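Please open the structure in a viewer and keep a selection tool at hand.

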Amino acid sequence: MQSIETITKEIMADPMNADYTKRNIPPLFKASPEARIVIIGQAPGRKAEESRLFWNDISGDRLRAWMDVSRDVFYDSNLIAQLPMDFYFPGKGKSGDLPPRKDFAPKWHPLLLEAMPQVQTILLVGSYAQKYYLGKSRQANLTETVRGFETYLPKYFPLVHPSPLNLRWIKKNPWFEEDVVPVLKNLVAKEIFEK
């Protein structure tokens, strides 16, 4: 098993990431051998890449509220890891950020997850993470996949993205905050605070 430090150096040396490395942009992820929960989202945005801090926005505030963890625990604890589907900002498209590169997660996630043997649950935030990790076991759409979250426990926990763009979805699906979020809070509490 490779160390996280070795894997990080390999990511930066990989030709597929050469443009970022030349511009002194390191991969944005967080991994630790002590991690018990991994959050897998889309890819860093421009602000995250510049600040070197993932989920440092309204979406992150909402995600932390769903998890019932403070900023200190979220960022400073080695018990919560962050592995976006791509560790670099993919650029802007016509209707927002471009999607993560398809070949990135298959190349690097397995190595990093192997280096985190204590992981109990992987939070799959949004459709990109769910499509990759759940594959054919996903439901007909994201709503039904999130509604059926218990099917995937304890290994995976599918979530809607906490973006302000999804406030309408959250209001339209009150069962999410009534039924899903309390289970998430309980799971996080057991893994982070009761160990």
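Select Asn24 to begin. In this predicted model, Asn24 is exposed, with a relative accessible area of 68%. The residue belongs to the loop that runs between helix H2 (18-22) and strand S1 (37-40). Its backbone also deserves attention: phi of Asn24 is near 60°, a positive value in a residue other than glycine. Most residues other than glycine have a negative phi.

Is Trp55 buried or exposed? Trp55 has a relative accessibility of 13% and counts as buried, because buried means under 20% relative accessible area. Its loop joins helix H3 (46-51) and helix H4 (58-67).

For another point of backbone geometry, select Leu153 and Pro154 together. The peptide bond leading from Leu153 to Pro154 is cis, with omega near 5°. Most peptide bonds are trans. Pro154 sits in the loop between helix H8 (142-147) and strand S6 (156-159).

Stay with helix H8 and display the side chains of Glu144 and Arg147. These two residues form a salt bridge in which the closest N and O atoms are 3.5 Å apart. Glu144 and Arg147 are three residues apart in helix H8, so about one helical turn separates them. Glu144 counts as partly exposed at 32% relative accessibility, and Arg147 also counts as partly exposed, at 39%.

How many salt bridges does the structure hold? There are eight, and one of them joins the side chains of Asp14 and Lys107, at 2.4 Å from N to O. Asp14 lies in the loop between helix H1 (4-13) and H2, while Lys107 belongs to helix H6 (residues 104-114), so this pair ties together parts that are 93 residues apart in sequence. Colouring by accessibility brings out the two partners: Asp14 counts as buried at 7% relative accessibility, whereas Lys107 counts as partly exposed at 40%.

A further salt bridge can be found by selecting Lys92 and Asp97, whose closest N and O atoms are 3.0 Å apart. Lys92 is exposed, with a relative accessible area of 61%; Asp97 counts as partly exposed at 32% relative accessibility.

Now select Gln82, which is located in strand S2 (residues 80-82). At 2% relative accessibility, Gln82 counts as buried. From here, draw a distance to Pro174: the C-alpha atoms of Gln82 and Pro174 are separated by 27 Å, and the two residues are 92 residues apart along the chain.

Technical notes
Residues numbered from 1 in each chain as written. Predicted model: local features only at pLDDT ≥ 70, side-chain atom pairs only at ≥ 80, totals over all residues. Heavy atoms only, no water. Helix = DSSP H or I, 4+ residues; strand = E, 2+ residues; numbered from the N terminus. Buried < 20%, exposed > 50% of the residue type's maximum accessible area, 1.4 Å probe, protein only. Salt bridge = Lys/Arg side-chain N within 4 Å of Asp/Glu carboxyl O.
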